[in-house]
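Good morning, and thank you for coming.

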Amino acid sequence: MFTPNSPDSTAIMQIFANNNAKRTGNALNIENVNLGLNDKLEKTLGIVPVQDANFIYNYTLLNPNVTMFAIEFSTDPGPPTNYRYQIWFNGTLTANDTDFFGDQVLSFQRGIDEAIIAFATNDSNAELNVNLKDWPKVPPTQLNDEIVSSFGATFFFCAEMIIFITILNTIVTEKEYKLKDSLVMMGLKVEIYWLSYLLSNAWLVVACSLVTCVFGEIFGFFVFRNANFAVVFIAFTLFGLAMATFAFFITTFCRRSRVAILVGILILIIGLLFQSFVFSNAYVGYIWWSSSVSSAGWIILMFLPFFNFGKFFLDLSNLTAGKLDQLTQTVIPGPGFHWSDLYNSIPSKFITPYSASGSTPVVPAPVQSWYFLLMNIVLYSFLTWYFDKVIPDEFGNYRNPLFFLTPSYYGIKFKKSADLNTWLAKNKKIGKNHDGEDEDVANERALAFDATRNFAVRICNLNKVYQQSMFVESKLDKVAVNDLCLTLKEGKCLALLGQNGAGKSTSINILSGATPATRGDALLYGFSLKTDMGSIRNIMGVCPQHDILFNDLTAREHIELYAGIKNIPPVEIEKLVTERLAAVRLNKVANKPAGSYSGGMKRRLSMLISTIGDPKIIFMDEPTTGMDPVNRRHVWSFIEKFKKGRVIILTTHSMEEADVLGDRICVMAHGKLRALGNTIHLKNKFGTGYRISLVTNPQDSPRLKELVESKLPGVNLEDDSAGALIYEMPISSLPTLPPFIKWLEENDEMSESEPGKKLIRAWGVSQKSLEEAFLRLIRNANPKGYDAYERLEETNEKSDQVSGLRQRNVSSAK
Ligand SMILES: Nc1ncnc2c1ncn2[C@@H]1O[C@H](COP(=O)(O)OP(=O)(O)OP(=O)(O)O)[C@@H](O)[C@H]1O
């Protein structure tokens with residue numbers, strides 16, 4: 001547009017149009033259209049004369065972005081000749097609002113000036129050339145830098161969160177699979193467990209920090225290049241360690257890995273919002289230290305490692321990052337972060353005053369963030385140690401919240417251990433009346449309290465009640481072990497038999513220190529369960545019911561790990577590995593990860609682990625479950641040889657195993673001991689007698705039956721098929737057995753159907769199996785018979801499932 005629509009200005013614009021066509025090839029014509037203020041253009045026009053500047057103003061206001069330039073020539077006649085003019089331009093269309101004096105406006109002005117000169121001098125060839133040249137521009141690589149400086153805290157926080165969530169998952173999974181408990185049961189100190197985690201993660205954190213700093217330098221980011229290397233490296237390392245210890249602390253509250261990961265993700269989201277919204281700019285980042293914000297804010301937030309790191313990174317990026325000058329596109333580098341800057345307050349030019357209060361925050365020196373991160377490391381390490389002890393574990397073990405005030409925690413004993421008589425009297429008192437119990441069981445109870453006898457293991461009135469409620473007793477409380485009394489001499493193996501839920505595993509768990517007894521105590525090689533568990537662990541080996549193995553470790557590494565825990569000298573470890581693995585036939589897979597083993601192989605490895613460190617007492621909960629008969633026999637022969645000079649207590653469902661291994665067999669039902677003795681004793685006492693099998697000609701069998709019944713009164717015929725007779729003889733008929741066997745051996749009777757042949761072709765006498773004795777015991781344990789017992793178990797199981805019972809295990813603190 002141009003104005004006024006006078007002959008002179010039209011002539012100048014015509015020259016301008018001609019020159020423009022010559023220079024650019026873009027033909028613009030003067031269009032004499034009568035443009036109205038509200039006219040919407042349907043096609044591109046050229047140069048349009050308009051009535052006045054007001055029209056230009058109103059038209060461009062009402063129709064934005066359709067006019068490139070307008071020129072308003074002065075109507076003032078002079079003197080001298082007046083060529084004053086004003087260019088209106090559209091910043092959006094010409095330079096997208098940033099380059100007002102850039103090429104297009106200048107070209108336009110040059111074109112108008114050229115036209116004016118030609119008009120004034122009447123020389124249509126008059127030419128005016130003006131070039132505009134910018135200062136050299138720095139290539140715009142600084143853009144990346146801005147991102148690193150502004151959002152570095154977010155990126156590096158996310159990187160750290162990978163380690164954080166991995167720690168949460170690993171530790172809680174180990175807890176879930178009871179790997180930690182297994183290590184502790186084998187004698188590992190909890191403090192060593194946490195220290196090993198701290199060290200292995202510290203190594204990882206240091207490596208990550210180093211790699212980050214080196215790559216930061218290589219890529220030339222200001223935050224790294226413009227700062228002291230040690231300062232950045234130490235800050236990253238402190239942050240990594242603080243996050244690792246924070247993760248340790250959280251694991252003490254989580255029992256399931258899924259919950260731990262959810263907590264990790266929640267912290268990731270909170271941290272991410274924090275880092276990206278708070279610490280991406282100095283305005284919000286430093287608000288915590290403004291006089292208008294309560295200092296309670298930063299005092300609370302300093303317990304979050306990512307808050308301290310965010311603040312430090314903001315300081316770092318303020319001092320190191322270059323600022324991009326929008327006008328000149330150049331980067332003015334920051335002053336840099338030197339070691340001495342750690343102790344200097346952040347210069348006020350980097351801190352934005354808050355307009356509301358007009359106050360400038362007093363931001364502490366960067367080193368304060370280091371101190372806070374160090375505080376986080378120490379605090380969360382301590383809290384991990386503390387809460388790990390006072391929060392009840394899966395088995396209900398926990399310490400008194402003030403455990404650290406008790407001298408016994410530090411191994412200081414003011415009182416001498418109670419002598420045997422006092423100990424026995426104390427534990428006898430808690431026992432209930434056990435009238436009507438089996439004679440052997442009653443004798444064992446008496447033996448357990450006999451101070452004159454020497455036993456390697458003495459269990460006195462051991463009880464375990466799984467309570468429904470933490471505070472009150474209820475009828476639904478489960479008495480898993482009921483006044484158990486047992487003794488065992490060195491060199492013996494005790495086999496605990498019993499139905500599912502009889503209380504075998506609970507007994508083993510109490511004796512191995514996995515779960516505390518509700519009442520009662522036991523002396524293992526003179527050490528009390530209640531007061532000397534630490535000493536017991538040094539002489540104990542445990543093979544838990546469920547394999548507790550590290551999937552990623554090989555059999556060899558497992559043995560090396562547990563041998564280390566048991567303080568076996570390194571020179572002996574190789575011999576131990578070879579011998580033990582060969583004994584249970586795992587030598588061929590010694591270097592394969594345990595995760596790839598079959599169930600039976602895992603079981604053999606678990607069994608083997610329990611024997612490491614030559615323990616004096618070994619607990620094995622169903623050690624051969626899932627093993628094939630060949631390997632089971634290898635394990636049996638290993639256990640048989642290994643028990644010399646030791647005590648082995650095992651639980652099993654295999655009568656054969658109890659028969660082979662058990663020097664003493666105990667049968668439990670409903671948490672109570674029902675019978676005990678060696679296998680022959682139990683078979684004699686509870687078995688249904690002997691089985692006699694005879695083979696004769698089928699035609700002679702009526703005569704043979706008559707003879708047998710006359711010689712063995714009370715005998716029962718169990719089977720009669722094609723001349724094969726099977727008799728069951730009750731124990732009560734035992735006196736008649738020797739003369740009967742003599743008669744069988746003499747075998748004088750002749751067959752009537754086959755002349756010249758003997759009446760009895762073959763015979764055999766066997767004692768009935770331990771299994772039968774066991775079934776009878778179980779039947780007797782329930783007055784309504786075995787079936788009723790099974791029904792009761794089923795109902796219990798169902799009601800447990802319905803009420804979601806896995807009752808809390810409440811017991812006194814250690
Ligand atoms: N943490 C617990 N909370 C509540 N009840 C429990 C708990 N642990 C075990 N019980 C109950 O205590 C009883 C004894 O269980 P235990 O595991 O000792 O039996 P078991 O003889 O080892 O059985 P199995 O042969 O099946 O291993 C069972 O009725 C069981 O349901």
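Asp 614 sits in the loop between α21 (599-609) and β12 (617-621); helices (H or I, at least four residues) and strands (E, at least two) are DSSP runs, numbered from the N terminus. Please note that this is a predicted model, in which local features need pLDDT of at least 70, side-chain atom pairs count only at pLDDT 80 or more, and totals for chains, interfaces and linings use all residues. Residues are numbered from 1 along each chain as its sequence is written.

The phi angle of Asp 614 is near 40°, a positive value in a residue other than glycine. Is Asp 614 buried or partly exposed? It counts as partly exposed, because it has 14 C-beta neighbours inside 10 Å. Here, buried means 20 or more other C-beta atoms within 10 Å of the residue's own, exposed means 12 or fewer, and partly exposed lies in between, with C-beta atoms placed from the backbone.

Asn 567 also has a positive phi, near 60°, and lies in the loop between α19 (555-565) and α20 (570-583). Asn 567 is exposed, because 9 other C-beta atoms lie within 10 Å.

Finally, the peptide bond from Thr 3 to Pro 4 is cis, with omega near 0°.
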